[in-house]
Amino acid sequence: MTKVLPGKSFPIGPTYSENGVNFSLFSKHAESVELLFFNTREDDDASIIIRLDPRENKTYHYWHIFLPDISPGQLYGYRITGPNDPSRGHRFDSTKVLLDPYAKAVAFSESCPKGVVVDLHEYDWEEDLPLYRPFSQTVIYEMHVAGFTKNPNSGVGDQIRGTYAGMIKKIPYLLELGITAVELMPVFQFDPKTRDGRNNYWGYDPVSFFAVHEGYSSGQEPIHALNEFRDLVKALHQVGIEVILDVVFNHTAEGGEEGPTYSFKGIDNRMYYALEEDKSKYKDYSGCGNILNSNQPVVRRMIIDSLHFWVKHMHVDGFRFDLASILSRDGKGNLIENPPILWDIESDPVLAGTKLIAEAWDAAGLVQVGSFVGDSWKEWNGKFRDDVRSFIKGDKGKVKAFISRMIGSPDLYSHQNREPEQSVNFVTCHDGFTLNDLVSYNHKHNELNGEGNCDGTNENFSWNCGVDGPTDDPEIAVLRERQIRNYFTTILLAVGTPMLSMGDEVKRTQLGNNNPYCHDNRLTWFDWDLVEKNRNLLRFVKMLIARRRSRELGQLENTMSLNEMLNSGRISYHGVKLNKPDWSDQSSSIAVSVKFMRKSAAIHIMINAKPEMLEFEIPQPQERGKNWRLWVNTYRKSPEDIFDWGNGPQVTESHFQVNAYSIVVLES
């Protein structure tokens, strides 16, 4: 090691330049800091140890140093001495090697994760930039990077199954499906094992907020993971597909009092985490043992720096914030009216135009759907999921709630005078039943999780259509697929931003497991044999998405607020009789007419969630002398379940018979 220089406090983390590397670390309560270098990820003992001199290498609470001889690929960590007094919130342990929170790549090992020095500017982006597609033109596909291609029948080759490179090979499938954005389940570096030693398949236990998960890389080196992820983003952008990351800023993999020490606990536990009055214990609104003190200034800065990194250096287009309501709490767990971190994110100029989506609840019962802060945040609409599930399966008394979800949930959002796309509409996601299981099981079957079937929600609003699980009964099979078409039709016709879940378009099943967080196997992987087996359903979904993205169905008017749209006179409601909707608690049918901006264009939707056929009166088309055409009839089998726009059979009668548990859409 040649000359050692004092370094600077900013930027935080490791910063590589042609002259060397500047290291900077925040720790208010540290008494001494050592910078450690390692030759391999498996090494327990450092090859070089540099003790930072607080007289030269400390400014305020930042410990820093500049080393001319360090190159990209160098593994490093910290060892910090300070008070070990949990009763005061301090958990310093000088025997631990600690991961730099700002490391841009991580070499994970059982002994300790180590940071890796990287040169962020060596990658050739080929003029790629985030796409900034409006929400009004967005169709989201939530997916798991590894699960998408890990099944051997994916055909991508054994070397890249379950990797970023494997996903690149399957981009043509996503392009043909027609979605415009992928929402990737966590790709921040996470602990690949749960605290009881099982597979952490979902990845909602971050170790780092800056490093891409190397377990999804086809290479052996952490820097390869960084660039392979960039390859994926660039390849998706080249075909017009945006990349949204599911990010976890509410807790870390270090868990509670008995959890491991990877980084934050040993760097400055009291600063990074929200603690109980007994400061030896952690507040936990995440269900994972701890929560970050996200509105503490240093943690706020780290979150903003992380988001900047993923936008500036990884070119991602947006973020979905897991359990975002936790970010509305202060260090004592109290709800803040105007949470600083959320307004920091909302008003940040680097993030202007970046998609921001909140899971507007937490694991402690706080629900902010319809009341989340800010002017640009969109929200996962859990009420859309529950109300649509209930109505489609025939529950009575749900007509008003169902229609509210179909027209943008004005009961939740109209008071904010926001755009119609504020509601992210979904019926299924990673957390819960697949769409196939939603129509195949009345109750969850999570026995394989090893928790006595006690994990996962019991409120599924599902209906097995007569028999629980797989069946050879052809009538039940037909009804199930009809219900699946009903759900897809609802999601893709509703006002808001539609989101689909990976594999639902080909009837992927998890055999009734609604919480398969620990299964990295065929139970959760995309089964590519289903693409051919269920090609008719896939065709149906593709055609719905294509029309959704058209000018008429994309939204009534991109520049309209939700209130303006609802008050425009373009939406009218009917029952089986025109202009006589049945809003009673006994009703389970409704009809809706929607006029588009183009003077003569309209659709008429008839929904029958009853077990018997209903005959609906049909209004006259807007244009005199023109007949309605059938566009969608979920009762029919392919290819008569959906038609190319304008090419369906003409409807000349004044009535239309809608079969049991069916949706019919006419267009003109």
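Modeller: Let us begin with a rule: a disulfide is a pair of cysteine sulfur atoms within 2.5 Å. This is a predicted model, in which local features need pLDDT of at least 70, side-chain atom pairs count only at pLDDT 80 or more, and totals for chains, interfaces and linings use all residues.

Biologist: Thanks! By this rule, to how many disulfides does the count come?

Modeller: A disulfide is a covalent bond between the sulfur atoms of two cysteines. Applying the rule to this model, the number of disulfides comes to zero.

Biologist: Take Cys 518, then: which cysteine sulfur is the nearest?

Modeller: Cys 518 is in no disulfide. Its nearest cysteine sulfur is 13 Å away and belongs to Cys 288.

Biologist: Is Cys 518 buried or exposed?

Modeller: We use relative accessible area, taken with a 1.4 Å probe and protein chains only: buried means under 20%, exposed over 50%, and partly exposed in between. Cys 518 has a value of 8%, so this residue is buried.

Biologist: Where does Cys 518 lie, and which residues does it touch?

Modeller: Helices (H or I, at least four residues) and strands (E, at least two) are DSSP runs, numbered from the N terminus. Cys 518 sits in the loop that runs between strand S19 (497-501) and helix H13 (529-533). Contact means heavy atoms within 4.5 Å. Not counting residues up to four places away in sequence, Cys 518 touches Arg 198, Asn 199, Tyr 201 and Asn 449.

Biologist: Is the crossing of H8 and H9 left-handed or right-handed?

Modeller: Left-handed means that the near helix is turned anticlockwise from the far one by less than a right angle, and right-handed means clockwise. For H8 and H9, the crossing is left-handed.

Biologist: Into how many nonpolar, polar and charged do the residues of this contact divide?

Modeller: H8 brings Lys 383, Phe 384, Asp 387, Val 388, Phe 391 and Ile 392, and these meet Val 399, Ala 401, Phe 402 and Arg 405 of H9. Ala, Val, Leu, Ile, Met, Phe, Trp, Tyr, Cys and Pro count as nonpolar, Asp, Glu, Lys and Arg as charged, and the others, Gly among them, as polar. The contact of H8 with H9 therefore has seven nonpolar, no polar and three charged residues.

Biologist: And at roughly what angle do the axes of H5 and H6 cross?

Modeller: Helix H5 covers residues 264-272 and helix H6 covers residues 297-312. Their axes come within 10 Å of each other, and the crossing is at roughly 120°.

Biologist: Which residues make the contact of H5 with H6?

Modeller: By class, this contact has six nonpolar, no polar and no charged residues. H5 gives Phe 264, Met 271 and Tyr 272, and H6 gives Val 298, Val 299 and Met 302.

Biologist: Now for a glycine. How far apart are the C-alpha atoms of Gly 82 and Glu 31?

Modeller: Gly 82 has its place in the loop between strand S7 (75-81) and strand S8 (84-85), and is buried at 16% relative accessible area. Glu 31 is among the residues that Gly 82 touches. The two are 51 residues apart along the chain, yet their C-alpha atoms are separated by 4.9 Å.

Biologist: Some backbone angles next. What is phi of Glu 127?

Modeller: Most residues other than glycine have a negative phi, and most peptide bonds are trans. Glu 127, in the loop between S11 and S12, is exposed at 78% relative accessibility. Its phi is positive, near 65°.

Biologist: Last one: which residue does a cis peptide bond join to Phe 10?

Modeller: Omega of this bond is about 0°.

How values were computed: Residues numbered from 1 in each chain as written. Heavy atoms only, no water. Axes fitted to C-alpha atoms, helices over the stretch in contact; angles between N-to-C directions.
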